[in-house]
Amino acid sequence: MLTPAAFRRRFPALQDTVHLASCSQGALSDTLSAALVELQHTMRQDGAPWGRWMAEVDTARRLFADLIGADEDEVAVVPTASAGAFQVASTQDWAARPTLVTTDLEFPSVAHVWLAQRPRGADVRFVDEREGVASPEEYVAAVDETCGLVSVPLVSYRNGVRLPVREVIARSREVGAPVFVDAYQGLGVEPVVVHELGCDYLVAGALKYLLGLPGIAFLYVRRGLVDPVPPSATGWFGQADPFAFDPRRIDVPTHARRFESGTPAIPSAFGAVAGLTVLREAPAAEVRDHVAGLTARLHEQLVDDGEKPWSPADPALRGPQVAIRDDRPDALAAHLAERRIVTSPRGDLLRLSLHYYNDTDDVDAVVRAIHEYRKAAR
Ligand SMILES: Cc1ncc(COP(=O)(O)O)c(C=O)c1O
C-alpha cells in the first residue's frame, strides 16, 4: 500500500501541475499511460483481439465490484452514468408507483433522465437545495408509499456536499421503494460497501476519482432485484448468451448484465482497469482521511482569505471538494491554468477537488494564486 507521496509519484504530470480537478477528470497515472500503449500493442499483435479486449472489460467489472464490495454479476458495464440511470428508470412501473424522488443537488444529466420519465407516468418530486445542502428531514419526508424510485447522490457535483444517503435508504426500505445512488462524485476517495449501505442501484463512471477515461461507467444492481418492466435499451451484451445470435428472441438474464446493450468502449475499459488498478495501491480509509485533511485545510484557508466557499463548513457534510463562488469562474480558472493549476469551473462556482495524490503544497498554491488574482482585480 502506498503513502500519499508514493501514490503521487505514480502521476508524473504532478511534478509540474497542481491537479485539483478530479471532480471533472482524474490525473494521468503512469499505469494509464502504459494501458493506452498496451491497447495499441494488442491491435498491432492480433489485429482483431476481441478475446483479449472482452477480458479487459471483465477485469474492469471485477475491479469495480471489488471496490464497492459487490459480486461481479451485480455490475453492468454501461457507457455513461446517464445511460445507467436510463436503464434503471426504464424498468420501473410508474402506473403502480408514480413518484420519483430526486434533488436540486442531483447531477443535471441524471435529473434529465428522471424528468424524461414524465410521459411514461412518473411524478418527479424534488428535494430543495437550501444554502448548498439538502436537509435529511426533508429528503426522508419526500419518501412515501407512492415512490417507484428514490434517487440520492452520494456527494453533489456542485459543491461536494454529502447527501443523507443512509437516512434515505432506511426510509425507502420502510416503504418498499428502490434506491438509486449516484456515487460518481465520491467513489475512489469515499469508501463504499454496497451490501452494507443497502442501496438497490449505484452508478459511477471511470474518469473522475476512479482515475480512468470517459466512455465507460458501472451500474451496480442488487442481486435478486426483480424489474417490474424489462429494460428498454437492450442488445446482444444484454442477453443471457450474447453469442446465441437469435434475432427473433430476447433472453434477458437475471444478473446485472441485463442492463447492457452493445459493444463496450474498449479503450475506456483499458483506462478503467488502469485507474482501478492504481487505486488499489491506496488504502481506502487513509485516502478518505488524507482527503478530509486537505479539504479542511483548503476550506479554512479560503475563509481566512475572505473567500466564500459554497461548500458546507461542517466537515461531516463535506466531501472531496470545496467550491467557491465567483462571478466569472472561467476567468479565474484560466488565471489558475496559466500557473498550471487545474480546476473545474461550473456555473457561478469554481470547484477545487482533492485526491490522494494531492498534498498541502497544492492547497497552499491554489489559495495563494486565488489571492493574487483577487488583488490584481481590486
Ligand atoms: C455526479 C455525477 N453524475 C453523473 C455525471 C454525468 O455522467 P455521464 O456523463 O457519464 O452520464 C456526472 C458528470 O460530471 C456527475 O458528476
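Predicted model: local features only at pLDDT ≥ 70, side-chain atom pairs only at ≥ 80, totals over all residues.
The domain assignment divides the chain into domain 1, covering residues 33–279, and domain 2, covering residues 283–377. Between the C-alpha centres of domain 1 and domain 2 there is a distance of 28 Å. Where the two domains touch, domain 1 contributes 14 residues and domain 2 contributes 19 residues. On the domain 1 side, this contact consists of six nonpolar, five polar and three charged residues.

Attention can now turn to the ligand. Its shell is made up of 13 residues, and the closest of them are Thr80, Ala81, Ser82, Phe107 and Tyr157. Sorted by class, the shell holds seven nonpolar residues, five polar residues and one charged residue. Two helices take part here: helix H4 (81–90) and helix H5 (108–115) each provide at least two residues of the shell.

These two helices also pack against each other. The axes of H4 and H5 are 9 Å apart and meet at an angle of about 25°. Angles under 35 degrees count as roughly parallel, and H4 is therefore roughly parallel to H5. The crossing of H4 past H5 is right-handed. From H4, the contact draws on Ala81, Ser82, Ala85, Phe86 and Ala89, while H5 brings Ser109, Val110, Val113 and Trp114. Seven of the residues in this contact of H4 with H5 are nonpolar and two are polar, with no charged residue among them.

A second pair is formed by helix H2 (residues 30–46) and helix H9 (residues 266–279), whose axes lie 9 Å apart at an angle of about 150°. Angles over 145 degrees count as roughly antiparallel, so H2 and H9 are roughly antiparallel to each other. Their crossing is right-handed. On the H2 side, the residues involved are Thr31, Leu32, Ala35, Leu36, Glu38 and Leu39. They meet Pro267, Phe270, Gly271, Val273, Ala274, Gly275, Thr277 and Val278 of H9. By class, this contact of H2 with H9 comprises nine nonpolar, four polar and one charged residues.

The last pair to consider joins helix H10 (residues 284–304) with helix H12 (residues 360–377). The axes of H10 and H12 are 10 Å apart, and the packing angle is about 20°. This angle is the reason why H10 and H12 are roughly parallel to each other. H10 passes H12 in a crossing that is right-handed. The residues in contact are Leu294, Arg297, Leu298, Gln301 and Leu302 from H10, together with Thr360, Val363 and Val367 from H12. Five of the residues in this contact of H10 with H12 are nonpolar, two are polar and one is charged.

Notes. Residues numbered from 1 in each chain as written. Near = placed C-beta within 6 Å. Helix = DSSP H or I, 4+ residues; strand = E, 2+ residues; numbered from the N terminus. Nonpolar A, V, L, I, M, F, W, Y, C, P; charged D, E, K, R; others polar. Axes fitted to C-alpha atoms, helices over the stretch in contact; angles between N-to-C directions. Parallel < 35°, antiparallel > 145°, perpendicular 65-115°, else oblique. Left-handed = near helix turned anticlockwise from the far one by under 90°. Contact = placed C-beta atoms within 7 Å. Domains from an automatic or database assignment.
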